[in-house]
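We'll go through it piece by piece, starting with helix packing and working towards the metals.

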Amino acid sequence: MITIKTPEEIEALKVAGDIVGQTHHYLEKYIKPGITTKELDELAEEFILSKGATPSFKGLYGFPGSVCISINEEVVHGIPGTRKLQEGDIVSIDIGACYNGYHGDSAWSYPVGKISPEKEYLLRHTEESLFKGLEMIKEGAHVGDIGYAVSNHAKKYQLGVVKELVGHGVGSSVHEEPDVPNYGKMNKGPLLKAGMVLAVEPMLNLGTPHVLMLEDEWTIITEDEKPSAHFEHTVLVEKDGYTILTKR
Ligand code: MG
Ligand code: MG
């Protein structure tokens, strides 16, 4: 069931989303060569707790970190650990925070120092694809419109669209109905109504769209080990458009 949020729920979702956005903003200055992904994870957790929220992903389906940190060919669900960021890496940080029982969810991919033109190209066009998808959102649009816009943009720039992982509804659970795929057809899929809250999250690859899972049973990587980027916002569907809840 796709839930329409009450005004009280929307208030809590706004606070949760704002904490997620602030956490991204706080972490950004630490994204430098030499820091370990575990250190970033701890900084994120401390920050989220200091705001009166809890990290949504900690323990979710058994995930061991507070946030997901995925480097280069890692698409999503990277486990924070002893690996150090290096000059030229791109790092995707996926942050969820729960406030008063409601969640916010936002991923962003960052350059570490100076990156290659190919990686810059990937980051720029993946971020753009997120906003192309968001621009479709308003009451009366369909979920398929979002995926259509994302994949159309990816196609234009010859980027691979990951299909195995999708966006989702957000509420008292971080993952709710509906699925929000990064591909689709116009006027297909569930109808959007004001008061729905969705996470739109394109994952685009510089090479093949195909992905596989590492032996840790969490980390998803690209099959050809070319870099992947991930940009995500949680948004509220409105009568005439949308509001980003996870603004940075
Ligand atoms: Mg996320
Ligand atoms: Mg998500």
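H1 passes H2 in a right-handed crossing, where right-handed means that the near helix is turned clockwise from the far one by less than a right angle, and left-handed that it is turned anticlockwise. The contact brings together Ile19, Gln22, Thr23, Tyr26 and Leu27 from H1 with Leu40, Leu43, Ala44, Phe47 and Ile48 from H2, contact being heavy atoms within 4.5 Å. Sorted by type, the residues of this H1–H2 contact are eight nonpolar, two polar and no charged. For that sorting, Ala, Val, Leu, Ile, Met, Phe, Trp, Tyr, Cys and Pro are nonpolar, Asp, Glu, Lys and Arg are charged, and the others, Gly among them, are polar. H1 spans residues 7–28 and H2 residues 37–50, and their axes come within 10 Å and cross at roughly 140°. The axes are lines fitted to C-alpha atoms, for helices over the stretch in contact, with angles running from 0 to 180 degrees between N-to-C directions. H1 and H2 are therefore oblique to each other; under 35 degrees is roughly parallel, over 145 roughly antiparallel, 65 to 115 roughly perpendicular, and the rest oblique. Helices and strands here are DSSP runs (H or I, at least four residues, for helices; E, at least two, for strands), numbered from the N terminus.

A word on bookkeeping: this is a predicted model, in which local features need pLDDT of at least 70 and side-chain atom pairs count only at pLDDT 80 or more, while totals for chains, interfaces and linings use all residues. Residues are numbered from 1 along each chain as its sequence is written, chains are lettered from A and ligands numbered from 1 in the order in which they are written, and side-chain values use heavy atoms, with hydrogens and water left out.

Now try the other helix pair. H3 (residues 117–134) and H4 have axes that come within 8 Å and cross at roughly 155°, so these two are roughly antiparallel. Their crossing is right-handed. On the H3 side the contact uses His125, Glu128, Ser129, Lys132 and Gly133, and on the H4 side Ile146, Ala149, Val150 and His153. This contact divides into three nonpolar, four polar and two charged residues. Pick out His153, in helix H4 (residues 143–156): leaving aside residues up to four places away in sequence, it touches His125, Glu128, Ser129 and Lys132. His153 counts as buried because its relative accessibility is 6% (buried is under 20% relative accessible area, exposed over 50%, partly exposed in between, with a 1.4 Å probe and protein chains only).

On to the metals. Which residues hold the magnesium ion (ligand 1)? Its protein donors are Asp94 (OD), Asp94 (OD), Asp105 (OD) and Glu232 (OE), at 2.0 to 2.5 Å. Donors are N, O and S atoms within 2.8 Å of the metal (3.2 Å for Na, K and Ca), and water is not among the atoms, so sites may look incomplete. Along the chain, the donors of ligand 1 follow D-x10-D-x126-E. Asp94 sits in strand E4 (residues 90–99) and Asp105 in strand E5 (residues 102–111), 11 residues apart.

The magnesium ion (ligand 2) is coordinated by Asp105 (OD), His168 (NE2), Glu201 (OE) and Glu232 (OE), at 2.1 to 2.2 Å. Here the donor spacing reads D-x62-H-x32-E-x30-E. Asp105 in strand E5 and Glu232, in the loop between strand E13 (228–230) and strand E14 (233–237), are 127 residues apart. The two magnesium ions lie 3.1 Å apart, and Asp105 coordinates both. Asp105 counts as buried because its relative accessibility is 2%, and Glu232 does too, at 0%.

Also in strand E13 is Ser228, buried at 0% relative accessibility. Beyond residues up to four places away in sequence, the contacts of Ser228 include Ser92, Leu122 and Asn205.

Most residues other than glycine have a negative phi, and most peptide bonds are trans. The peptide bond from Glu177 to Pro178 is cis, with omega near 5°, and Pro178 lies in strand E8 (residues 176–180). Tyr61 is not a glycine, yet has a positive phi of about 55°; at 61% relative accessibility, Tyr61 counts as exposed. Asn187 also has a positive phi, near 65°, and is exposed at 54%.
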